[in-house]
Amino acid sequence: MSVWIGVDLGTQSVRAMAVNESGDVLGSASRALTSHRDGPRHEQDPEQWWRALAEATREALRDVPSAQVAGLAVDATSGTVLLTGPSGRALTPALMYDDRRADAERVNEAGAAVWERLGYRRMQPNWALPKLLWLLRDAPADARLAHQSDFVNRRLVGHEVATDLSNALKTGVDLIEERWPLEVFDELGVPAGMLPEVVRPGTRLGVVCAAAAGETGIPEGTPVIAGTTDGCAAQLGAGALRPGSWNSVLGTTLVLKGVTKELIHDPLGVVYSHRAPDGSWLPGGASSTGAGVLSRDLPGRDLDALSAEAAARYSAFGGRPEGPPAVTYPLVSRGERFPFAAPGAEGFTLGDPADDVERYAAILLGAAFVERLCFDYLHLLGAPVDGEIILTGGATKSAYWTQLRADVLGRPVTLRENAEPALGMAVLAGGDPGRLIRTLAVVEPSGVDLREPYLRFVAELEGRGWLDPAPAAHARERAAR
């Protein structure tokens with residue numbers, strides 16, 4: 001029985017997972033990573049990635065027969081870059097996905113036409129291309145660009161490797177033509193010779209070399225497959241693979257990722273698309289709302305107990321004994337990124353919660369309303385939203401919240417047994433998603449009507465000048481149906 005290895009190279013840890021063709025996890029392990037933060041600076045030591053990966057894979061494969069290992073793929077954080085020398089050794093620390101020391105103005109001036117055509121209009125300072133210019137200030141002539149996954153993939157195969165289109169998105173790769181826009185890079189002073197080749201996720205990069213096999217425990221000759229960003233890996237692990245299907249990840253913040261046949265263009269620039277292995281598109285957006293508000297606004301409270309109390313208090317999930325329910329716009333930090341762009345947005349509460357149970361319920365309801373507004377906005381852009389909605393992230397641990405989200409969406413929602421990014425990489429490495437991805441439950445809406453409080457919430461966002469009239473009107477139109 002074949003076994004595939006998925007490696008999730010994240011911010012806080014490296015996780016490795018070995019999965020057989022029946023979907024059984026034969027071994028898994030993780031190792032912690034440390035960061036160096038100082039204001040806008042966020043760096044990691046690339047050598048630590050390799051050491052952590054080697055330890056994690058060796059432990060995960062401890063009981064797996066070498067002859068069964070059929071391939072592996074690695075995902076990594078989006079927008080993390082460094083410079084390497086010809087041998088693949090790091091010349092600089094890695095500038096992580098949220099390092100904001102760079103300036104994006106030159107990048108946006110030079111690449112305006114390309115970024116517009118690709119549907120996202122502008123790069124942000126924490127994207128990879130602005131950070132590459134920052135690194136190039138003192139770079140030697142033979143320096144080469146490497147994304148986080150490129151660094152470890154090169155070490156695995158023992159020679160230079162191509163980068164995948166997913167990790168290269170924030171470095172400015174042309175996802176339509178599947179090449180670097182060299183005219184833009186030439187204007188920015190980036191030598192073409194320092195750029196790796198680009199391939200689609202799922203492309204074979206090489207095989208594990210003898211030196212890497214000795215360090216990692218991965219059998220020599222194992223195919224190494226081009227991976228994706230961690231967000232796309234989570235989407236693959238969740239099984240959002242068909243046009244119209246969506247993975248909604250609700251943890252500290254809310255992230256939606258789906259599948260479309262055509263590239264989605266967003267005039268606001270809050271939705272941008274990755275390229276899927278089969279050439280379709282993976283649009284998505286990340287909100288600044290989410291469960292992070294719970295620990296901030298209800299410090300020290302037992303959230304499981306609050307969830308049980310909220311479920312017992314209301315006759316129907318999301319319902320209320322009498323009068324309109326309180327609704328909180330659960331903004332984790334100042335400013336919103338999706339489903340609208342509002343740098344000055346701040347959290348608020350409509351209504352007057354009487355106690356912590358009602359405050360808890362108001363936060364959950366507001367997050368569910370933001371999630372619905374995200375789907376309304378995606379529908380306005382022309383994205384299909386009629387497929388399976390798969391919920392993942394820490395919020396799925398609350399049965400109350402899961403039912404509430406189904407009620408607000410008015411749609412069944414699916415929960416998976418396992419939706420880790422590492423599982424997504426095992427799928428990309430060659431595993432059959434129909435076998436590796438297992439459904440835990442499908443939660444149907446209870447029938448409670450929450451349109452009135454939802455539209456009151458939408459009206460408040462519009463009245464504050466954060467939500468434009470067109471998406472607000474579209475939300476009202478969809479609710480009327």
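Reader: Which residues gather in a patch of negative charge on the surface?
Author: This is a predicted model, where local features need pLDDT of at least 70, side-chain atom pairs count only at pLDDT 80 or more, and totals for chains, interfaces and linings use all residues. Residues are numbered from 1 along each chain as its sequence is written, and side-chain values use heavy atoms, without hydrogens or water. Patch members have over 30% relative accessible area and no salt bridge, with like charges joined within 9 Å; a salt bridge puts a Lys or Arg side-chain nitrogen within 4 Å of an Asp or Glu carboxyl oxygen. The negative patch consists of D103, E109, D186 and E187.

Reader: Is E187 buried or exposed?
Author: E187 sits in helix α7, residues 182-188; helices are DSSP runs of H or I, at least four residues. Buried means under 20% relative accessible area, exposed over 50%, with a 1.4 Å probe and protein chains only. At 55%, E187 is exposed.

Reader: Which side chain does S280 join in a polar contact?
Author: S280 lies in the loop between β16 (272-275) and β17 (281-286). It is buried, at 12%. A polar contact pairs N or O atoms within 3.5 Å, one able to donate a hydrogen and the other to accept it. At 2.6 Å, the partner of S280 is D278.

Reader: How many residues of helix α13 are buried?
Author: Helix α13 spans residues 399-409 and is mostly covered. Among its buried residues are Y400, W401 and R405.

Reader: What is the relative accessible area of P330?
Author: P330 is in the loop between β18 (327-329) and β19 (348-350). P330 is buried, and its value is 0%.

Terms used. Patches are made of residues with over 30% relative accessible area and no salt bridge: like charges are joined within 9 Å, nonpolar side chains (Val, Leu, Ile, Met, Phe, Trp, Tyr) within 5 Å. Accessible areas come from the Shrake-Rupley method with a 1.4 Å probe; for residues, only the protein chains shown count as cover. Lys and Arg count as positive and Asp and Glu as negative; His and the chain ends are not counted. The place of a charge is taken as NZ of Lys, CZ of Arg, CG of Asp or CD of Glu. Helices (H or I, at least four residues) and strands (E, at least two) are DSSP runs, numbered from the N terminus.
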